[in-house]
Amino acid sequence: MVSLHRTIRNMRRVGLREWWRQMQYIGDAKSGVLVGTDQFGNRYFENMNGEEEVPGALGVFIFNAYALLKFVGRQRWVDFAQHEYHASQVPPEWHSWIHHIRKDPPTNDPVIKNLTPPWQTPWVENLTGTRGAFKTYNTVAPKINAWEPKTISRGA
């Protein structure tokens with residue numbers, strides 16, 4: 001929920017250009033600490049100030065648990081580098097941090113830094129529906145060939 005006071009405050013914090021970009025992409029004015037960047041150029045932020053992210057502190061009273069669940073966990077977010085973004089552009093280690101599975105971000109987490117196996121391939125986004133999607137092909141000659149009629153030209 002965006003209040004006028006919160007919108008103006010965040011516009012002053014992040015600047016007019018970044019505020020406009022946030023309103024166009026995520027539809028909300030947010031300000032927080034830059035935690036890290038991944039190999040795609042996505043930026044990850046965190047804001048642990050409960051008065052800014054939980055609307056109950058803004059004078060909006062939450063009456064049921066469902067309304068509370070809509071606003072829990074809004075302290076972490078990603079700012080995608082590409083305009084055409086989707087969820088598979090978030091690598092697994094950042095996904096676990098955003099969804100509060102891990103407490104520390106991958107840039108500060110010693111487990112992720114030290115235990116990444118050397119044989120692990122780098123993360124690539126899901127290319128389904130794009131020109132880079134995997135397409136199967138067959139190298140075996142077909143067992144059944146379609147009938148092709150033989151045409152003979154008529155004598156003139």
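Ring pairs join Tyr44, Trp94 and Trp97 into a cluster; rings of Phe, Tyr and Trp (its six-membered ring) pair if their centres lie within 6.5 Å, with planes under 30 degrees apart counted as stacked, over 60 as edge-to-face and the rest as tilted. The model is predicted, with local features requiring pLDDT of at least 70 and side-chain atom pairs pLDDT 80 or more, whereas totals for chains, interfaces and linings use all residues. Residues are numbered from 1 along each chain as its sequence is written, and side-chain values use heavy atoms, without hydrogens or water.

Five aromatic pairs are found in the whole structure. One of them, Tyr44 with Trp94, is stacked, at 4.1 Å centre to centre and 5° between the planes. This pair links distant parts of the chain, since Tyr44 belongs to strand S2 (residues 43-46) and Trp94 to helix H5, 50 residues apart; helices (H or I, at least four residues) and strands (E, at least two) are DSSP runs numbered from the N terminus. The ring centres of Trp94 and Trp97 are 5.7 Å apart and their planes stand at 90°, so this pair is edge-to-face. Both residues lie in helix H5, three residues apart, about one turn of the helix. Tyr44 and Trp94 are buried, and Trp97 is also buried (under 20% relative accessible area, 1.4 Å probe, protein chains only).

The voids are compared below. On a 1 Å grid over the protein atoms alone, a cavity is a set of points where a 1.4 Å probe fits but cannot get out, and a pocket is an open set with protein on both sides within 12 Å along at least five of seven lines; lining residues have an atom within 4 Å of a point. Grid points are joined across faces, edges and corners, and a volume is the space filled by probe spheres set on them.

| Void | Volume |
|---|---|
| Largest cavity | about 60 Å³ |
| Second largest cavity | about 30 Å³ |

Helix H5 (92-98) and helix H6 (110-114) each supply at least two residues of the pocket lining, which includes Pro92, Glu93, Ile112 and Lys113. In the largest cavity, H2 gives the largest share of the lining, four residues. Phe40, Asn42, Ala81, Gln82 and Gln89 line the second largest cavity.

Mean pLDDT (the predictor's confidence in each residue, from 0 to 100) is 79 for the protein, with 83% of residues at 70 or more. Over residues 56-69 pLDDT stays under 50. Where pLDDT is low, the predicted coordinates should not be read in detail.

Technical notes. Contact means heavy atoms within 4.5 Å. Buried means under 20% relative accessible area, exposed over 50%, partly exposed in between (1.4 Å probe, protein chains only).
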